[in-house]
Every structure is written in structure tokens, then in C-alpha cells.
Amino acid sequence: MSAPHDLVIVGGGPAGLATALHAAHAGLDTVVVEPRPAPVDKACGEGLMPGAVRSLAALGLEVPGFPLTGIRYLQGGRRVQAAFRDGPGLGVRRTDLHGILHRAVLAAGVPVLPLRVEEVRQDGTGVTVAGTGLRARWLVAADGLHSRVRRSLGLEARTRGAPRYGLRRHYAVAPWSPYVEVHWGGHAEAYVTPIGPRLVGIAMLTTRRAPFTTQMEGFPDLADRLPPDKAATAVRGAGPLRQRARTRTHGRVLLVGDAAGYVDALTGEGVALALTGAEALVANLRRGTPSRYETDWRKATRRHRLLTELLVRARLQPALAPHIMPTAARLPRLFTAAVNALA
């Protein structure tokens with residue numbers, strides 16, 4: 001059976017939409033499948049690293065937001081900070097980012113179809129999306145942390161360690177710093193991201209299953225700055241965060257973004273890695289080297305995966321966790337180098 005499209009992308013989040021934009025620029029006939037109406041919100045730290053800002057600019061996108069100077073760690077009376085060396089990051093509401101990408105995809109002539117994908121079938125010439133009438137030479141699974149496509153194809157890999165979860169809420173207060181602040185608590189990290197002149201986002205990363213208000217009790221300094229009556233949005237959650245895929249390529253199916261595997265949100269690179277992966281995926285399809293995508297993905301994400309894995313392992317060890325912040329404070333040059341390597 002012939003394939004009328006070059007590419008069907010399952011998932012209309014940042015990873016899928018960025019893939020669609022790169023594909024449109026490469027002249028590929030592309031369709032996006034996403035059942036949820038835009039813009040789609042999710043639990044997200046909402047801080048774009050400088051690399052992500054550059055990737056969006058390369059796609060011709062201008063994203064409004066709050067300029068971010070760098071990263072600051074805090075614990076008790078200790079603090080250490082590192083400024084970004086190669087331009088600012090950006091604090092951006094997830095819905096704003098999604099809306100900009102969605103409109104750009106439509107403007108590029110790529111349809112976004114409100115369909116739900118339950119099963120895909122592939123053969124030697126293409127991939128069919130069951131129950132939709134869609135068929136393409138290639139299919140991209142960009143359907144998120146708990147990818148249905150990844151699971152249906154048997155590409156899930158076993159994960160180890162205590163599961164970690166994310167919770168996010170916004171407060172209508174003025175940012176008190178241009179840095180993303182990471183507050184280290186006994187059971188969680190609290191990320192404070194400036195989003196606008198009167199808006200900050202608080203993202204909790206934790207192994208502890210407890211409501212957001214209970215998590216906040218572990219950060220009394222933050223709680224004093226963020227009274228309950230200033231809460232501007234409902235709490236959103238995500239997790240377990242760690243997800244593994246056995247491979248990023250499976251015949252004519254390729255995985256990108258969180259569907260391709262996710263370590264943790266600890267270093268804040270999720271969107272940046274999704275954008276990098278989208279570019280690498282389309283570049284390999286354009287060159288006719290889809291099998292090379294796995295190697296390119298591993299190369300592009302290696303630094304992030306190694307550092308994040310080390311930090312998460314240390315965080316989950318009772319003997320090591322209390323030393324993460326003091327070590328960063330004692331070695332500020334190493335902390336700055338790590339932040340900018342990831343940025």
C-alpha cells in the first residue's frame with residue numbers, strides 16, 4: 001500500500017510541533033495528530049535554557065517571556081549561583097509556548113487533526129494509524145512521558161529507583177530574582193521560575209506522595225513569599241518522571257521528546273532536548289539516514305543524561321543527598337561550568 005504522507009506525528013506538544021516545523025521546512029508532507037485542543041497545559045518548570053531559546057529562534061519563532069539570568073541553588077543559609085554565559089534563558093508559560101508553536105505549524109500548512117491514536121501498524125513501505133485512515137512513510141511518536149505508541153510497540157524499558165513526581169502551581173507575585181531558584185529541601189526540590197512581571201511558577205520535584213500545600217511546608221522561606229491567596233492556578237502533576245525506551249528507532253517509527261525516554265526534570269532541559277531531538281530526527285529523514293537518528297540522539301543527550309543521572313542517584317541516597325548543595329557552594333566554578341555545559 002502506498003503512503004500518501006511523508007510523516008505522521010503522533011502528539012502535538014512542543015516536541016511534535018517542533019518536528020512538524022522542521023519537516024515543513026524540509027518539504028516533507030506532514031500531518032500532526034493531537035486529540036486535545038490547543039493550547040495544552042501540563043506540569044512543567046517553564047524555564048527555557050538558552051539553548052532552547054536559540055532553537056526556537058532558528059525556527060523563526062519569537063517567544064515572549066521573562067529573561068532568565070542563570071541558576072541559583074539555595075538551602076538554609078547557603079547559596080550558589082551561575083550566570084548563563086551565552087545569552088539569557090526565558091521563563092515562559094507552557095500554554096504560551098504551545099500556542100506559538102501550534103500557530104506556526106498551521107501557518108506552515110501542516111494540518112493538526114483531533115484524533116486519538118491507539119495502535120499503529122508498519123510494513124516495509126510505511127506506517128498505518130489504525131482507525132484513522134492515515135498512512136505515511138514514517139511515523140514519529142511524540143506523545144509524551146507515558147507514550148501509548150512506545151508502549152504498544154513493546155519499546156518500554158524497565159526503570160530502577162524510587163519514582164519521582166512533579167507538581168506545579170503559579171502565584172501572582174512579582175519575581176524577586178532574574179534567576180531560576182532551586183530550593184533544596186529534605187524530601188523535594190522547589191524550582192522558582194519568573195514567568196512575567198507579576199507571575200512566578202513553582203515546580204516541586206519529589207519522591208514523596210503528598211499534596212502541594214504539604215510539600216510547601218518543607219520550604220518555609222518560600223511559603224512566606226507565596227501566601228495561599230496569591231495562588232493563580234490549580235496544581236498540576238506529572239510522573240513518574242523516569243521513563244526509558246529500548247530504542248529511538250523501530251522500523252519506520254521514530255521517538256522524540258519525552259516519548260524517547262526521560263531521566264528527570266532536575267536539570268530543567270526537557271524542552272531544549274525535545275527541540276534538539278526534533279531537529280536531528282528530521283535531518284536524518286531528509287538525508288535518508290533514519291538509522292543514524294539513534295546515534296545522533298544519544299550524542300546530543302549524553303551530557304544531560306549523565307549529569308542528571310548522577311544528581312538523581314545522589315539525591316536518592318540518604319548519605320549523599322545532604323551534601324549536594326554544600327558541595328556546589330564549595331565549588332562555585334565547577335557549578336558554573338556544569339550549568340553552562342547544560343545551558
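In this predicted model, strand S16 covers residues 199-206, and seven of its eight residues are buried, so S16 is largely enclosed by the rest of the structure. Buried here refers to a relative accessible area under 20%.

Strand S16 has paired neighbours in S13 and S15. Strand S13, residues 165-171, is joined to S16 by seven bridges, and these two strands run antiparallel. One point of contact between them is Arg168, whose bridge partner in S16 is Ala203. The pairing of S15 with S16 is likewise described as antiparallel and extends over eight bridges. Here Thr193 has Gly201 of S16 as its bridge partner. A hairpin of two residues leads from S15 to S16. In general, strands of a sheet pair through backbone hydrogen bonds, in either the parallel or the antiparallel sense.

| Strand pair | Bridges and sense | A bridged residue pair |
|---|---|---|
| S13 and S16 | seven bridges, antiparallel | Arg168 and Ala203 |
| S15 and S16 | eight bridges, antiparallel | Thr193 and Gly201 |
| S4 and S7 | three bridges, antiparallel | Leu68 and Gly89 |

Strand S7 comprises residues 89-91 and pairs with S4 over three bridges. Within S7, Gly89 is the bridge partner of Leu68.

How many cavities of 30 Å³ or more does the structure contain? The count comes to one cavity. The volume of the largest cavity is about 40 Å³. Its lining is formed by Pro175, Trp176, Ser177, Tyr179, Glu181, Val192, Pro194 and Val200. Strands S14 (179-184) and S15 (188-196) are the elements that contribute two or more residues to this lining. By class, the lining of the largest cavity consists of six nonpolar residues, one polar residue and one charged residue.

The charged end of Arg225 sits over the ring of Trp176, at 4.4 Å from the ring centre. A further contact of this kind involves Arg252, whose charged end sits over the ring of Trp138, at 4.5 Å from its centre.

One aromatic cluster is formed by Tyr73, Trp184 and Phe335.

Open space is represented here by the second largest pocket, which holds about 640 Å³. Its lining includes 30 residues, and those nearest the pocket centre are Arg242, Arg244, Tyr262, Val263 and Glu309. The elements that give two or more residues to this lining are strand S18 (244-245), helix H7 (270-287) and helix H8 (293-315). Which element supplies the largest share of the lining of the second largest pocket? Helix H8 does, with seven residues. By class, the lining of this pocket has 13 charged, nine polar and eight nonpolar residues.

How values were computed
Residues are numbered from 1 along each chain as its sequence is written. This is a predicted model: local features need pLDDT of at least 70, side-chain atom pairs count only at pLDDT 80 or more; totals for chains, interfaces and linings use all residues. Side-chain values use heavy atoms; hydrogens and water are left out. On a 1 Å grid over the protein atoms alone, a cavity is a set of points where a 1.4 Å probe fits but cannot get out, and a pocket is an open set with protein on both sides within 12 Å along at least five of seven lines; lining residues have an atom within 4 Å of a point. Grid points are joined across faces, edges and corners, and a volume is the space filled by probe spheres set on the points. Helices (H or I, at least four residues) and strands (E, at least two) are DSSP runs, numbered from the N terminus. Ala, Val, Leu, Ile, Met, Phe, Trp, Tyr, Cys and Pro count as nonpolar, Asp, Glu, Lys and Arg as charged, and the others, Gly among them, as polar. Rings of Phe, Tyr and Trp (its six-membered ring) pair if their centres lie within 6.5 Å; planes under 30 degrees apart count as stacked, over 60 as edge-to-face and the rest as tilted. A charge sits over a ring if NZ of Lys or CZ of Arg is within 6 Å of the ring centre and within 35 degrees of the ring normal. Two strands pair if DSSP finds at least two bridges between them. Buried means under 20% relative accessible area, exposed over 50%, partly exposed in between (1.4 Å probe, protein chains only).
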